[in-house]
Amino acid sequence: MAPHILLWSPLDDYLADRLVALPGIRFGRVRSEAELAAALPDADGIVMLGHFYTAGTAALVRQAGRRLRWIQLTTAGYDGITFYGVPDTVVVTNAGHSHAPMVAEHAVTLLAALTRRLHLYAEPQARHVFDRGIPLPPATLEDSTVAILGYGGVGRETARRVKAFGARVVAIARTARADDLANAVVASSDLHAVLGQADSLVVTAALTPQTRGMVDRAALAAMKPGGLLVNIARGAIVETGALVAALDSGHLAGAGLDVTDPEPPPADDPLWRCPNLIVTPHVSGLGSAAVRRRIAALVQDNVGRFVAGEALRHRVA
């Protein structure tokens with residue numbers, strides 16, 4: 001019998017169109033955890049959004065996924081897999097670097113907007129006043145030092161883009177190494193030393209037990225006064241209370257967040273009232289036909305490999 005592959009990604013019709021046309025599989029689509037529970041006992045593989053893999057989904061996979069052998073995530077992030085695990089018989093693959101250019105573009109857009117103080121011009125514009133007298137003078141990325149925490153696909157694409165502005169890049173990874181884009185790649189044990197030299201920090205790391213809360217009060221205190229922070233990775237890597245304090249005190253001149261902790265922040269969260277803050281609602285990976293083409297090609301290739309019993313690309317568990 002042909003493998004039964006489920007798609008759990010409600011808005012991704014482009015993937016449904018691609019999968020339904022593939023030979024050698026039986027295709028099914030689910031749109032909720034309840035529908036997954038009903039279909040899972042007959043499923044050999046699932047193509048799904050990474051953030052759908054919650055503690056409840058993990059429990060469901062263990063209880064009902066008796067035939068399940070493969071989970072393909074359509075996202076780069078796989079922190080649900082890291083924290084909740086999968087049975088030993090299930091292989092997990094992710095989207096690799098499919099989203100990296102788009103996410104890096106969003107990161108650099110936030111960084112450039114904060115550097116040029118674009119958010120501060122909204123108030124005089126609302127008053128219909130052509131006014132240069134904003135509280136912080138505009139700055140530039142040229143000749144600045146940008147620290148990038150996490151140096152995978154998104155980190156490297158971010159480095160590529162900020163280098164085009166004439167910035168110096170110091171990447172922070174698990175271990176030091178040579179690199180053709182960054183001016184230096186240093187070990188995470190040197191985080192605070194790097195932050196003391198950097199004008200801005202862009203967080204692109206995966207959320208793991210090691211990176212959770214890595215950008216804490218001490219890390220933010222180590223940053224230069226007037227520094228900038230951008231987080232397009234996972235909200236829990238940055239301690240929210242420490243960030244609020246750093247913005248309120250003026251130690252940081254600004255922050256750009258596409259992710260928060262908690263996410264979304266409640267209406268009364270102190271984060272909302274922080275000065276010099278730009279928040280976007282976890283949209284850094286959206287809006288790119290090129291990303292969709294890369295994901296569709298990867299999923300199709302991995303389905304073919306799965307059917308043929310070959311090694312899958314971008315295995316993460």
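Two strands count as paired here if DSSP finds at least two bridges between them. With that in hand, here's a quick tour of this predicted model. There's an open, parallel sheet of five strands and another open, parallel sheet of seven.

**The seven-stranded sheet**
- Reading across, the strand order is β8-β7-β6-β9-β10-β11-β12, with parallel pairing.
- The edges belong to β8 (184–187) and β12; each has a single partner strand, so one side of each has no neighbour in the sheet.
- From one strand to the next, the twist averages 15°.
- Take β6 (residues 145–149) and β9 (residues 200–203): they run parallel and are joined by four bridges.
- If you want a spot to look at in that pairing, Ala147 has Leu201 in β9 as its bridge partner.
- Helix α5 (residues 100–115) lies across β6, β9, β10 (227–231), β11 and β12, and runs at about 155° to β10.
- Helix α10 also packs on this sheet, where it touches β11 and β12 and makes about 135° with the direction of β11.

**A look at helix α10**
- Helix α10 spans residues 240–249, and its buried residues are Thr240, Ala242, Leu243, Val244, Ala246 and Leu247.
- The cover over those buried residues includes α9 (217–222), β11 (252–257) and β12 (277–279).

**Leu195 in helix α8**
- Leu195 sits in α8 (residues 191–195), and with 1% relative accessibility it counts as buried.
- Setting aside neighbours within four places in sequence, Leu195 is in contact with Leu201, Ala219, Ala222, Met223 and Lys224.

**The five-stranded sheet**
- Here the order is β2-β1-β3-β4-β5, again with parallel pairing.
- At the edges you'll find β2 (26–29) and β5 (91–93), each with a single partner strand, so one side of each is left without a neighbour in the sheet.
- The average twist is 20° from one strand to the next.
- Strands β1 (residues 4–8) and β3 (residues 45–48) pair in the parallel sense over four bridges; within that pairing, Trp8 has Met48 as its bridge partner in β3.
- Helix α1 (residues 13–20) lies across β1, β2 and β3, and runs at about 160° to β2.

**Gln72, a buried polar residue**
- Gln72 is part of strand β4 (residues 70–73) and is buried, at a relative accessible area of 0%.
- Its side chain makes a polar contact with the side chain of Asn302, at 2.9 Å.
- Beyond residues up to four places away in sequence, Gln72 touches a set of residues including Ile46, Val47, Met48, Thr93, Leu298 and Val299.

**Aromatic rings**
- The structure holds two aromatic pairs. One of them is Trp8 with Phe52: the ring centres are 4.7 Å apart and the planes are at 40°, so the pair is tilted.
- That pair links distant parts of the chain, with Trp8 in strand β1 and Phe52 in the loop between β3 and α3 (55–64), 44 residues apart.
- Trp8 is buried, with a relative accessible area of 5%; Phe52, at 19% relative accessibility, counts as buried because the cut-off is under 20%.
- Elsewhere, Arg212 lies over the face of Phe83, at 4.9 Å from the ring centre.

Key. Residues numbered from 1 in each chain as written. Predicted model: local features only at pLDDT ≥ 70, side-chain atom pairs only at ≥ 80, totals over all residues. Heavy atoms only, no water. Buried < 20%, exposed > 50% of the residue type's maximum accessible area, 1.4 Å probe, protein only. Helix = DSSP H or I, 4+ residues; strand = E, 2+ residues; numbered from the N terminus. Contact = heavy atoms within 4.5 Å. Axes fitted to C-alpha atoms, helices over the stretch in contact; angles between N-to-C directions. Polar contact = N/O pair within 3.5 Å; in protein donor to acceptor, adjacent residues only side chain to side chain. Phe/Tyr/Trp six-rings, centres within 6.5 Å; stacked < 30°, edge-to-face > 60°. Lys NZ or Arg CZ within 6 Å of the ring centre and 35° of its normal.
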